[in-house]
Amino acid sequence: MGATSSIPQGATDEPDLTQDPALPPVALDPTIHEAEEAHWTPLKIGIWVAIALLGGLSWVMLAVVRGETVNAIWFVFAALCTYLIGYRFYSNYIQKHLLRPDDRRATPAEYKADGKDYAATDRRVLFGHHFAAIAGAGPLVGPVLAAQMGYLPGTIWIIVGVVFAGAVQDYLVLFFSMRRGGRSLGQMARDELGRVGGTAALIATLTIMVIIVAILALVVVNALAESAWGVFSVGMTIPIALFMGCYLRFFRPGKVTEISIIGFVLLIAAIVGGGAIAGTEWGAAMFHVEKVPLAIGIIVYGFVAAILPVWLLLAPRDYLSTFMKIGTIGMLALAIVIVRPEITVPAVSEFATSGTGPVVSGALFPFLFVTIACGALSGFHALIASGTTPKLIEKERQTRFIGYGGMLMESFVAIMALVAALSIDRGIYFAMNASPALTGGTVEGAVTFVNSLGLTGVNLTPDMLTQTAKDVGEASIVSRTGGAPTLSVGLAHIMQQVAGGSGMMAFWYHFAIMFEALFILTAVDAGTRVARFMLQDSLGNFFPKFKDTSWRTGAWLTTGIMVAAWGAVLVMGVTDPLGGINTLFPLFGIANQLLAAIALAVCLAIVAKRGLFRYLWIVAVPLAFAAIVTITASILKIFSSVPSVGYFAQNAAFSKALADGETSFGTATSVEAMEAVVRNTLVQGILSIVFVTLAVIVIFTALQATWNAWKTHSNATNEDLAVPSRIFAPSGILATPAEKATQALWDALPSTKRKAREH
Amino acid sequence: MSGTQGAAVPGLTGVVRSAVARLAWYIRAVSGEDAYDKYRAHHESVHGPGEAEPMLTEREFWRDRADRQDSNPQGRCC
């Protein structure tokens with residue numbers, strides 16, 4: 001409360017950061033850090049040579065040797081070694097030359113401290129918070145869909161992309177937002193790019209949010225439709241969360257760990273119980289829901305969840321989802337290392353070049369880079385990195401560990417999802433991920449379709465599909481598109497080798513479905529809320545009453561508008577005669593990458609205004625790449641003459657067929673279906689145009705700001721004024737010897753002096 | 001801020017005990033359960049006992065926290 005008044009007024013250009021002489025050092029001199037880094041003992045050299053050699057060997061095994069099969073352990077080593085090297089050397093380079101954090105400066109958590117929103121948080125704890133906020137279904141779904149191009153393109157993009165693009169974006173946005181008191185990406189865009197760029201960024205963010213929520217919801221619908229077990233166990237999370245919410249509100253406020261454990265036990269009971277109930281006749285009938293009613297159910301749920309107070313549903317489910325997320329990811333990593341599955345998928349498949357893959361259409365460039373967004377480069381993270389995290393950072397140098405390191409961790413999740421998807425039989429993979437329009441939704445249809453693809457080493461039999469379906473406790477696994485079911489089969493396949501054997505496969509499958517559905521539903525709820533506030537804020541410029549976010553009618557109205565927007569896209573995806581996920585998923589990736597381009601464009605302008613042109617390439621390279629990929633992908637989606645790629649080409653083909661009086665065309669078997677295709681492709685095409693236009697405006701204004709900064713040698717900054725810090729903390733996961741020595745001085749200080757009063 | 005300073009009890013049980021304590025501290029902190037403790041510590045360090053601004057009780061604090069989340073929602077990533 002009132003802590004902002006501690007910012008000194010009227011400081012000069014060169015802020016005085018002289019620290020309180022009564023305190024031990026609040027920062028180590030940069031030369032000490034450099035001396036520690038430059039001090040190469042034989043042991044250190046040995047360790048880094050070993051990491052480099054192991055990483056190199058792993059990449060050779062993946063990219064060059066390419067035997068009949070490749071062991072999954074090489075993916076793990078290639079990823080970990082590359083991350084370590086990227087973190088140690090590249091992020092250090094960025095820290096030293098581009099960001100130049102100064103631990104003598106207080107962070108917003110210190111100078112704005114209120115014990116609530118702004119509170120210095122231990123770096124390792126904040127790493128956990130930040131990771132839980134950035135990691136969602138994205139890194140689990142994208143790599144699964146991209147596995148149709150073979151294992152190598154996705155692996156290279158995830159690992160190299162994160163080191164040079166994704167982690168850089170997260171790190172930069174987090175640092176710049178921290179220097180600006182925790183300002184959001186939208187506010188930074190307005191400050192740095194002016195009114196036009198800022199407005200375009202805001203509209204783009206809002207539209208992108210709608211698409212992302214819609215497609216996440218589509219993934220859940222595809223995973224749960226016609227699965228009584230899944231519907232029951234995921235449905236049970238609602239009463240469980242309500243119970244947890246009431247427990248925390250009325251019975252034992254603040255006992256988060258306790259109720260999370262209770263909730264987790266109930267969740268497992270719901271999964272086990274789901275199997276028993278789906279096995280009964282009435283249960284199978286009651287919880288068997290078709291896609292369209294399920295989609296409508298999720299839309300209604302989304303609206304209700306977003307207007308309920310957060311303590312009742314969102315917050316408790318968030319606790320569950322965090323537990324599940326960290327637990328399951330840790331478990332999967334361990335299982336992959338123990339089981340070390342052999343992967344028979346080719347390094348680069350025929351679909352990488354032909355672009356005719358049944359899972360998502362389009363060739364490797366640019367569509368691999370939009371199919372895998374999260375895990376390599378995710379624009380959505382810019383919203384998180386400019387949200388809660390910067391308000392909790394204890395010391396400036398910690399942004400590297402939390403921002404860059406947190407994203408490396410998410411990338412590792414993507415690699416594990418890829419391994420899980422690759423470990424299942426390739427025939428089963430295509431049977432699950434080809435749209436019902438191609439397989440007819442039947443075992444026979446799927447077998448005929450997959451075998452007609454003429455893939456080497458793939459010989460699918462009806463038995464394989466029915467047996468797998470039986471193992472995972474589902475009636476059918478044909479055309480279970482969206483990535484989540486495939487990942488779940490992969491995870492179940494790996495986990496049953498560690499625990500429980502094939503009898504446990506059904507449990508692990510539904511455990512994985514639950515795990516994904518939980519945080520997708522949280523993302524849907526939270527996304528709707530955030531979008532509603534953004535819409536209220538924008539509408540408030542025209543109708544001031546909307547600015548009042550406690551105005552009930554306005555809140556319901558704007559929530560309704562946002563839900564209607566993503567709900568329309570969801571229904572479009574669910575009813576799409578062309579299959580839904582394979583036409584919509586590229587839009588999701590393009591939207592996410594365009595947001596990344598916007599975030600990087602804002603960073604570019606900031607770096608230029610600081611006058612650091614020598615190091616501008618650190619931002620310019622990933623920005624150029626993201627811009628080229630997404631603009632090319634958008635242009636192909638708009639202008640390509642290949643109907644499976646271009647929305648308008650598809651639109652024209654179906655319109656012509658309708659005009660010719662045909663009653664079926666391609667995979668659409670009725671006039672209504674043909675009309676639906678015409679309608680859907682028009683909407684998707686228009687969305688592509690909107691996205692690319694907005695992104696081009698933002699990038700253009702950023703280039704303009706950069707050019708102006710170059711011309712005028714400006715040294716303008718929108719940073720908050722520097723305030724001397726009064727606390728100390730190490731910067732990385734482990735304290736260095738010099739940091740330990742300083743920490744010892746602080747620990748020796750009487751606790752009354754350690755946190756001196758801020759006024 | 002450096003977490004539980006695991007007391008330097010020698011021997012294996014000491015190591016195990018301090019590891020368990022650290023894990024418990026970490027889980028509590030990551031789940032956000034220590035939010036009220038942090039608020040109280042902050043409040044006590046900033047406001048003297050005789051000052052006007054009263055400290056929220058635990059129940060009030062968690063309600064206030066929920067209200068703040070209501071009026072300032074945070075996105076979850078995809």
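## Terms and model

Helices (H or I, at least four residues) and strands (E, at least two) are DSSP runs, numbered from the N terminus. The structure is a predicted model, in which local features need pLDDT of at least 70 and side-chain atom pairs count only at pLDDT 80 or more, while totals for chains, interfaces and linings use all residues. Residues are numbered from 1 along each chain as its sequence is written, and chains are lettered from A and ligands numbered from 1 in the order in which they are written.

Chain B contains three helices and zero strands, and its pattern along the sequence reads α-α-α.

## The largest nonpolar core

A nonpolar core is a set of buried Ala, Val, Leu, Ile, Met, Phe, Trp, Tyr and Cys residues joined through C-beta atoms within 7 Å. The largest one has 264 residues, and Leu216(A), Val602(A) and Val698(A) touch the most other members. Helix α8 (residues 185-224) of chain A gives the most to this core, with 24 residues. Leaving aside residues up to four places away in sequence, Leu216(A) touches Ala137(A), Ile520(A), Ala523(A) and Val524(A), together with Cys78(B) of the other chain.

## Two helix pairs

Helices α23(A) and α24(A) (residues 552-575) pack at an angle of about 115°, with their axes 9 Å apart; axes are lines fitted to C-alpha atoms, for helices over the stretch in contact, and angles run from 0 to 180 degrees between N-to-C directions. Among the residues that make this contact are Ala531(A) and Leu535(A) of α23(A), and Thr558(A) and Met562(A) of α24(A). The residues of the contact divide into seven nonpolar, five polar and one charged.

In the second pair, the axes of α2(A) (residues 42-65) and α3(A) (residues 73-99) come within 8 Å and cross at roughly 135°. Their contact includes Trp59(A) of α2(A) and Trp74(A), Phe75(A) and Phe77(A) of α3(A), and by class it has 13 nonpolar, three polar and no charged residues.

## Individual residues

Most residues other than glycine have a negative phi, and most peptide bonds are trans. Arg100(A), although not a glycine, has a positive phi of about 45°; Arg100(A) lies in the loop between α3 and α4 (108-111) of chain A and is partly exposed because 13 other C-beta atoms are within 10 Å. Ser479(A), also not a glycine, has a positive phi of about 55°; Ser479(A) is found in the loop between α21 (462-471) and α22 (484-498) of chain A and counts as buried because there are 24 C-beta neighbours inside 10 Å. The peptide bond from Phe365(A) to Pro366(A) is cis, with omega near 0°, and Pro366(A) is placed in helix α15 (residues 364-371) of chain A.

Methods:
Buried ≥ 20, exposed ≤ 12 C-beta atoms within 10 Å, placed from the backbone. Contact = placed C-beta atoms within 7 Å. Nonpolar A, V, L, I, M, F, W, Y, C, P; charged D, E, K, R; others polar.
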